[in-house]
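This briefing covers the nonpolar core and the aromatic pairs of one protein model. The model is predicted.

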Amino acid sequence: TTKGADAYDEAPLAALSGGARGTALEVLVRRVLEALGGETADADGGVDCAGKKLARGRTTSDFKLRDERCEVKSALMCWNKPTRRFELEFWCVKKSLHDRLFLAFMTPEAVHIFEYAGGRGRSTKGVATEPDGETIKFTANGGKHGSRTWQAAERDLLKKIHYYNNKRRGGRYLACVAFAPGDAERVMRLGAEKGDFFDAEEEE
């Protein structure tokens, strides 16, 4: 594993495949919205970006909140060794297929949930953007005085998402869902047994 991945060793949900973890976090977002007074329902079927009718059981969005189509994208922090900083990427965001977008950002301690309505952080793929979607990316501070631990990177990333989210268009921070007491300590103990996030020469 990478040094950044060691932080997530045995963290809840981290051992799941990306698809299974995304499904679990989608369920979590729905429960948070319902706890805040929203009424969610399973999404209707429809057609994909190419206009093709979707197979039975498939939908273009994840669920409905009242009559609005909602999509959930989730991500873990990843350590980029060449740039010496943590990054957060949400893939395949297809604006035409949802009315509201929710981001679930998982750390070794908790899951942060945003309704995202910002324009900053989005990148396109040229002609592939429509079928493949956009990527929303945020990067923690780097360099000599950058985020040297995942906790510092978490603070940086939360500040950047909050700063670039557009409150006038409905962007907001919804919740922090913490893992059970003791989980974070166990995660960091196991990570420490495998070594720090950084190579010795990087600390010089």
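A residue counts as buried when its relative accessible area is under 20%, and as exposed when that area is over 50%; partly exposed lies in between.

**Nonpolar core**

- The largest nonpolar core has 38 residues, and the members that touch the most others are Val-29, Met-77, Leu-88, Phe-102 and Phe-105.
- The most is given to this core by strand E6 (residues 100–106), which supplies six residues.

**Surroundings of Phe-102**

- Leaving aside residues up to four places away in sequence, Phe-102 touches Val-29, Leu-33, Phe-63, Cys-70 and Glu-71, as well as Val-72, Lys-73, Phe-114, Glu-115 and Leu-174.
- Phe-63, one of these contacts, also pairs with Phe-102 through its ring.

**Aromatic pairs**

- Five aromatic pairs are present in the structure.
- The ring centres of Phe-63 and Phe-102 are 6.3 Å apart and the planes are at 25°, so this pair is stacked.
- Phe-63 belongs to strand E2 (residues 63–65) and Phe-102 to strand E6, so the pair ties together parts that are 39 residues apart in sequence.
- Tyr-163 and Tyr-164 form an edge-to-face aromatic pair, with 5.0 Å from centre to centre and 85° between the planes.

**Exposure of the tyrosine pair**

- Tyr-163 has a relative accessible area of 63% and is therefore exposed.
- Tyr-164 has a relative accessible area of 27% and is therefore partly exposed.

How values were computed: Residues are numbered from 1 along each chain as its sequence is written. This is a predicted model: local features need pLDDT of at least 70, side-chain atom pairs count only at pLDDT 80 or more; totals for chains, interfaces and linings use all residues. Side-chain values use heavy atoms; hydrogens and water are left out. A nonpolar core is a set of buried Ala, Val, Leu, Ile, Met, Phe, Trp, Tyr and Cys residues joined through side-chain atoms within 4.5 Å. Buried means under 20% relative accessible area, exposed over 50%, partly exposed in between (1.4 Å probe, protein chains only). Helices (H or I, at least four residues) and strands (E, at least two) are DSSP runs, numbered from the N terminus. Contact means heavy atoms within 4.5 Å. Rings of Phe, Tyr and Trp (its six-membered ring) pair if their centres lie within 6.5 Å; planes under 30 degrees apart count as stacked, over 60 as edge-to-face and the rest as tilted.
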